[in-house]
Amino acid sequence: MTAPIRPQPGILDIALYQGGASKIEGHAEPLKLSANENPFGASPAAVEAMVKAASGANRYPSTDHADLRDAIAEIHGLAAERIICGAGSDEVIHWLNQAYAGPGDEVLYTEHGFGMYPIAAHAAGATPMRVPEHERVVDVEALIAGITERTRLIFIANPSNPCATLIDSDALTRLADALPEQCLLILDGAYVEFAEGYDGGLALVEARNNVVMTRTFSKAYGLGGLRVGFGYGPQHVIDTLNRIRGPFNLSTIALAGAEAAMRDVDWVDECIRVNAEERARLTGGLRQLGIACDDSHANFVLARFADEATADAADAHLKTDGIIVRAPKSYGLPHCLRISVGRPEDNGRVLASLGTFVGAV
Ligand SMILES: *Cc1c(COP(=O)(O)O)cnc(C)c1O
């Protein structure tokens, strides 16, 4: 008798990622505010570039992404050779784990940290270690206390998801100063565009040999469906990740769309401006209804209710009104709902719906 084939260590420890829901029974066109997408879509220039690229889809895409990396480098003032582009920043997160963490190694993330960190650590056979936050804010001292000789990677989303809180560059510098030689600090910048006055950790990346940042086209750039993100870090890390990157990991259409989106600076700036305005309105409106929330530095707001049952009831009420938000139960926040900032009329609908909910309970 032979034993059936078994997956590699860690694989069966993965709890499947739960994406933001997009359907409600009985509502043909629900308002989806569950995945922090750009409610205005993508830049029209990006859409045009993708349509144009489609006719060249018989050819294999670029293997080195040179045009996209040049555009990113130019717009953000980065060194093109230290950029690596992935199918979403998720792919970059996976490469980092695959390259630097394995059985016996620890990968640190925080209490309410992004669900992909433990998934990617397990996929590499490493052990994800969850460190407490302080009042929904990443606690750098707790992270430092959690570092052991087995720690290889430390992941922080700043601004964080689902809490939308931000830690300052002094805190990031304290953490970077405390990093042992064998550790990499990864600053996940999925929402940096929305955080006023924060450089996404760029100064730290430029100053250190062991700090990496990731960015995505999925949020501010409105291209979640296209799957493009990038990492930026020290040359030795980028060269390592390039060895495991598939040569054709980004399609011709994805490369064209992302490049055009990156170059359409005015369009993304306008989306960021409207988001800031609407975020303030949504936050203020929730507080007026007696629903607590922290100041958001992203494109969503985390609403806190008295308890899980109230959050569930609010979620159900919103669904009745055709509105889908995110219940971040798996993030240790069962009494909360994460609401993406929508178009002005969308946010009006959310506030009106929660207004009748609060009036009703
Ligand atoms: C949305 C998100 C990402 C982006 O993932 P992509 O693979 O680039 O779409 C990364 N990190 C966090 C914290 C996010 O919320």
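Leaving aside its neighbours within four places in sequence, with which residues is Leu68 in contact? In this predicted model, where local features need pLDDT of at least 70, side-chain atom pairs count only at pLDDT 80 or more and totals for chains, interfaces and linings use all residues, Leu68 meets Cys85, Phe217, Val228, Leu250, Leu255, Ala258 and Glu259, contact being heavy atoms within 4.5 Å. Residues are numbered from 1 along each chain as its sequence is written, and side-chain values use heavy atoms, with hydrogens and water left out.

Leu68 is also, with Ile72, Ile156, Leu185 and Phe217, among the residues with the most contacts inside the largest nonpolar core, which has 64 residues; such a core is a set of buried (under 20% relative accessible area, 1.4 Å probe, protein chains only) Ala, Val, Leu, Ile, Met, Phe, Trp, Tyr and Cys residues joined through side-chain atoms within 4.5 Å. Helix 9 (residues 252-263) gives the largest share of this core, 7 residues, helices being DSSP runs of H or I with at least four residues, numbered from the N terminus. Another core, of 29 residues, lies apart from it and includes Trp95 and Leu241.

Trp95 and Leu241 also take part in a helix contact, Trp95 with Val92 and Leu96 among the residues from helix 3, and Leu241 with His236 and Ile244 among those from helix 8. Helix 3 (residues 88-100) and helix 8 (residues 235-244) pack at about 95 degrees, their axes 10 Å apart, and are therefore roughly perpendicular, a term for angles of 65 to 115 degrees.

Definitions and conventions. Buried < 20%, exposed > 50% of the residue type's maximum accessible area, 1.4 Å probe, protein only. Helix = DSSP H or I, 4+ residues; strand = E, 2+ residues; numbered from the N terminus. Axes fitted to C-alpha atoms, helices over the stretch in contact; angles between N-to-C directions. Parallel < 35°, antiparallel > 145°, perpendicular 65-115°, else oblique.
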